[in-house]
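Have a look at the sequence and the 3D structure below.

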Amino acid sequence: MSGLEALLIEPFAAYGFMRTALVGLAALALANGPIGALLLLRRMSLVGDVLSHAVMPGAAFGFALAGYSLLVLSAGGMVTGLAVAALSSLAARNPAQRQDVNLAVFYLLSLAAGVLLVTAHGSNIDLMHVLFGTILAVGLPTLVLMALLASASTLILAALYRPLVVEAFDPGFLQAVSGGGNIYRLIFLALVVLDLVAGFQAFGTLLAVGPLLLPAAAARCWTRRILPTMALSAALGLAAGYAGLLASYFLNLPSGPAIVLAGGALYLASLPAARYRPDLARPPGVPA
Amino acid sequence: MARPEDRAAAGGGYAEAAWALMRRRLERAARQGASALRRHFDGGYAPDAAASVAPPAVSVVDLTVAYQRVPALESVGAEFPPGSMTAIVGPNGAGKSTLLKAIAGILRPRAGSILLAGGGPRDIAYLPQSDEVDRGFPVSVGDFVTLGRWRRYGAFRAAPAAVIGEARQALETVGLGAADDTPIAALSVGQFRRALFARLMLQQGAVLLLDEPFAAIDATTTQALLRLVKGWHEQGRTILAVLHDLDQVKRHFPRTLLLAHRVIAAGPTPEVLRAETLARAGFDIADAAAAS
């Protein structure tokens with residue numbers, strides 16, 4: 001076996017858990033790419049952060065109820081995530097309220113409540129699992145659930161693509177022409193929650209937003225058009241997952257943080273490309 | 001005794017019948033699903049709606065609109081006859097944009113109603129202020145203008161080639177002919193306003209709501225866009241425009257609605273834009289004096 005093969009393929013050929021992890025990361029990357037790109041385009045990265053924390057109290061409550069039950073953990077996380085998405089959507093209608101303060105307060109409260117719940121019913125190791133995930137311990141049922149959630153969010157995004165995109169930059173127009181402005185904001189937030197719940201088994205509630213934002217941020221440096229951003233973001237997400245898994249295998253690092261750091265490295269490497277913006281050239285022969 | 005072939009044939013017939021039944025059920029479920037999807041998520045799709053230039057009479061009846069508890073409009077009543085061209089004037093924060101948004105169906109009134117006699121919400125097209133659109137969003141000018149024909153192709157279908165042709169033509173008309181593939185982020189303020197006008201043209205509204213259509217653009221662009229608006233007026237469309245330049249209102253808009261949370265005055269422009277009514281609306285005395 002050549003050196004390169006030993007480096008790039010052998011870990012996956014030798015260990016089933018590495019293969020499962022890679023397949024799970026591929027499913028996540030495909031779902032996260034388009035949603036993350038849209039999240040950045042809407043300038044809602046902070047909201048993504050907060051929603052990932054919103055998954056925490058529900059998951060912790062599920063853990064307190066049923067221990068490591070995949071379904072209960074995920075359902076709990078989904079419920080609190082969606083509840084917060086709905087609340088923030090309602091609050092967005094009120095321009096008088098300071099959104100960022102609410103979000104910051106909420107972020108802290110859900111983290112504290114989640115930690116309290118988990119430690120009351122489990123050990124520090126359980127806490128680490130909820131906060132940072134365990135991609136290498138992902139089994140077949142978890143993999144299937146991740147794939148189902150990721151597929152659902154991708155299919156819904158594909159079906160409602162046009163109204164979701166138009167609502168992102170001109171909500172008033174959508175409301176005037178089609179009458180369903182606010183509902184699309186809510187649907188989009190629900191899709192973010194779906195992706196976060198899909199990712200939280202692997203990355204934990206603290207890091208689940210990383211694979212959502214970092215590849216999309218890196219992709220935005222290379223292209224400004226929407227569909228290419230989404231595709232590139234999915235590809236970069238998969239690349240970060242692959243590289244992070246290998247790093248964690250050979251250097252004996254925790255896998256979740258390694259993958260997030262790999263995504264961060266891709267973003268830093270992409271930053272210089274963002275300086276060139278040929279797309280901002282004025283069209284020729286058009287009056288200013 | 002039945003021969004094996006017969007039995008197989010009978011069984012085959014049964015399976016075929018079952019399959020046909022199942023296929024009919026599936027097809028019906030798919031049709032129902034598609035129509036439910038359309039009903040819930042594609043309310044704007046109305047390809048058969050005739051684009052008529054005969055506008056409905058717009059009546060605003062006792063309209064109150066509030067942001068949280070702060071009312072922006074209180075008991076506003078106004079009539080906009082078919083084919084009229086009205087300027088909506090008032091000090092900052094008077095509720096001018098709020099009135100247009102309520103008529104466009106973007107804001108829900110707290111009380112009162114908006115009546116469209118002889119038409120419906122589909123007859124209305126709305127030109128937003130430029131800052132209500134995220135101009136950094138990566139969408140090309142051509143795609144942006146094509147959206148104007150939303151009712152023709154809705155949320156799920158691709159824009160037909162004819163509509164893309166119409167969008168090109170509209171861009172040509174507003175002087176953005178070469179900007180089809182340019183992202184809207186590359187447009188100047190004036191160019192972007194031209195793109196908004198092109199999208200409005202594609203909407204083919206019989207009632208046009210223009211929110212500060214000439215704000216912050218140069219004289220050349222203002223003249224070009226004003227010519228378009230006058231052309232629409234001559235075609236018989238109803239026009240409501242929020243404006244700040246009182247001279248412009250006097251020169252080009254036959255009717256005026258003066259607003260300051262409530263209606264201060266309404267009617268022919270020379271009667272409405274008098275120093276006394278302007279002062280009552282809360283305009284600076286200097287402004288009012290300049291206007292009279």
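## Where the chains meet

The contact between the two chains draws 31 residues from chain A and 32 residues from chain B; two residues count as touching if their C-beta atoms, placed from the backbone, lie within 7 Å. On chain A's side, the elements that give two or more residues are α9 (161–169) and α10 (171–178). Helices here are DSSP runs of H or I with at least four residues, strands are runs of E with at least two, and both are numbered from the N terminus.

What does chain A's side look like by class? It has 18 nonpolar, seven polar and six charged residues. Ala, Val, Leu, Ile, Met, Phe, Trp, Tyr, Cys and Pro go down as nonpolar, Asp, Glu, Lys and Arg as charged, and the others, Gly among them, as polar.

Keep in mind that this is a predicted model: local features need pLDDT of at least 70, side-chain atom pairs count only at pLDDT 80 or more, and totals for chains, interfaces and linings use all residues. Residues are numbered from 1 along each chain as its sequence is written, while chains are lettered from A and ligands numbered from 1 in the order in which they are written.

## Two helices in chain A

Now find α3 (residues 16–41) and α8 (residues 140–159) of chain A: they pack at about 20°, with their axes 9 Å apart. Axes are lines fitted to C-alpha atoms, for helices over the stretch in contact, and angles run from 0 to 180 degrees between N-to-C directions. That angle makes α3(A) roughly parallel to α8(A), a label for angles under 35 degrees.

Among the residues that meet are A:V23, A:A27 and A:L30 from α3(A), and A:L143, A:M146 and A:A150 from α8(A). By class, this contact has twelve nonpolar, four polar and no charged residues.

## Two sheets in chain B

Over in chain B, three strands make an open sheet in the order β2-β1-β4, with antiparallel pairing. Two strands pair if DSSP finds at least two bridges between them. The edges are β2 (70–80) and β4 (111–117), each pairing on one side only. β1 (residues 57–67) and β4(B) share six bridges, and B:V58 stands opposite B:L116 in β4(B).

Another open sheet has six strands, ordered β5-β6-β7-β3-β8-β9, and its pairing is mixed. Its edge strands are β5 (124–127) and β9 (262–268). Inside it, β3 (residues 85–89) and β7 (residues 238–242) pair in the parallel sense over four bridges, with B:T86 opposite B:L240 in β7(B).

Note on methods:
Parallel < 35°, antiparallel > 145°, perpendicular 65-115°, else oblique.
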